[in-house]
Amino acid sequence: MLKATEKIWHNGKLIRWDDAKIHVLSHVVSYGSSVFEGIRCYATPSGPAIFRLHEHVRRMVDSAKIYRMDTFSFTRDQLAQAMIELVAVNNLPSCYLRPIVLRGYGDVGVNGIKNPIEIYIACWEWGKYLGDEALSDGVDVCVSSWSRIAPNTLPALAKAGANYMNSQLIKMEAMANGYSEGIALDSSGYVSEGSGENLFLVRDGKLITPPLGASVLPGITRDTVQQIARDLGIPVVESIVPREMLYIADEVFFSGTAAEITPIRSVDRIPVGKGHRGPITEQLQKEFFAIVNGTKHDRHGWLSPVETRQMVSS
C-alpha cells in the first residue's frame, strides 16, 4: 500500500495528499486517457538525486503529443523543477515519483479533445518492485498467452495508461499461474517485453534486446543498461528475438525504473543458464547501483540533485 506524503503537485500548485482527487466522470476514468512516468530518486552521499529526470520528462511530453494531450502550458524544465521541489518539500531521502497527465472532467464522449488537461505529480517511498531478493536470486517468469499491442492499434512508444490494460492481463495471468512476471510476444510472435519492464538476453558474451519495432516501450533504464554495457566493453545488439532464445540464453534479465535490473532464473520452468544470476547481469547491476547510489562518478550526468538547502522539516 502507498505511504502518503505531505504534498502532491497539481497544475503548478502544491496541494495536500488527500486533496488530490478527480471527478468520477473525468474522461480518464472511462477511457484511460492519461500518460505518465515512473521515476526513482535515490539516496546518495550528497543527498537525494533523481535519476534521468530530464529524459523521463521528455518521454512524458512525447507521450502527451502522440495522444494530442500536449496543450498544457508547462515547459519540460518547469516540470522537472516541480519534481525536484516536490521531493524537497516532502523531505524524502529516496522515493518513487509518478507524474501523470490526464484528460479531466468535461465531455463524456470518446473524443476528449475539449476536456481540460490536468497534471499531477506525486512521490512516495517504494522498495524493490519484484522483491528485495529478486535482485540477487532472480525471478521465475512465463511467456504470456497475451500478446503485446500490435502496430497501428495503440502507440507502444507512448507510456499511456490505456496501454497498461494489456500489461495488467499479462501480470495477472502470470501471478495466477505461480510466476512473478510474464513476458509478452509481439503480434508476429517475437519476444517483446514484460508487463512493465524491458528485456535483455545474454548469449556468448553479447547483450541482446528486442528493437522498438517489437512493440517495446523506449525504456530509460533500457537505454541506461545499453550505455553501461558499452562503457564496460560488452557488445550490445538490438535484434528480433525468437521465443526459444529465452530458453537457450546464457542470461536473461528485466530492466525498468521499478524493476531496475532484475535477473530471470527461469522461463516457463526452464532454468536460464545455471538457474541463477549470471556474471554479466551482476556486472551491470553493480555498475548501475554504484552510479545511482552516488558511490561512483556520475560520468553521464544522469543524476539531478535535490539541493539540501531546499529540504524542509516535515
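**Exercise 1.** How many of the six residues of strand β4 (residues 39-44) are buried?

*Solution.* The model is predicted, so local features need pLDDT of at least 70 and side-chain atom pairs count only at pLDDT 80 or more, while totals for chains, interfaces and linings use all residues. Residues are numbered from 1 along each chain as its sequence is written, and side-chain values use heavy atoms, with hydrogens and water left out. A strand here is a DSSP run of E with at least two residues, and a helix is a run of H or I with at least four, both numbered from the N terminus. Taking buried as under 20% relative accessible area (1.4 Å probe, protein chains only), five of the six residues of β4 are buried, and the strand is mostly covered.

**Exercise 2.** Find the strands that pair with β4, where pairing requires at least two DSSP bridges between two strands.

*Solution.* Begin with β5 (residues 47-51), which runs antiparallel to β4 and is joined to it by four bridges; within this pair, Y42 stands opposite A49, and a hairpin of two residues connects the strands. Then turn to β6, which pairs with β4 in the antiparallel sense over three bridges, with R40 opposite Y96.

**Exercise 3.** Which element gives the largest share of the lining of the largest pocket?

*Solution.* Lining residues have an atom within 4 Å of a pocket point, and 37 residues line the largest pocket, with F36, R98, K159, Y164 and G196 nearest its centre. Among the elements giving two or more residues are β6 (95-103) and α5 (164-176), and the largest share, five residues, comes from α5.

Methods:
On a 1 Å grid over the protein atoms alone, a cavity is a set of points where a 1.4 Å probe fits but cannot get out, and a pocket is an open set with protein on both sides within 12 Å along at least five of seven lines; lining residues have an atom within 4 Å of a point. Buried means under 20% relative accessible area, exposed over 50%, partly exposed in between (1.4 Å probe, protein chains only). Two strands pair if DSSP finds at least two bridges between them.
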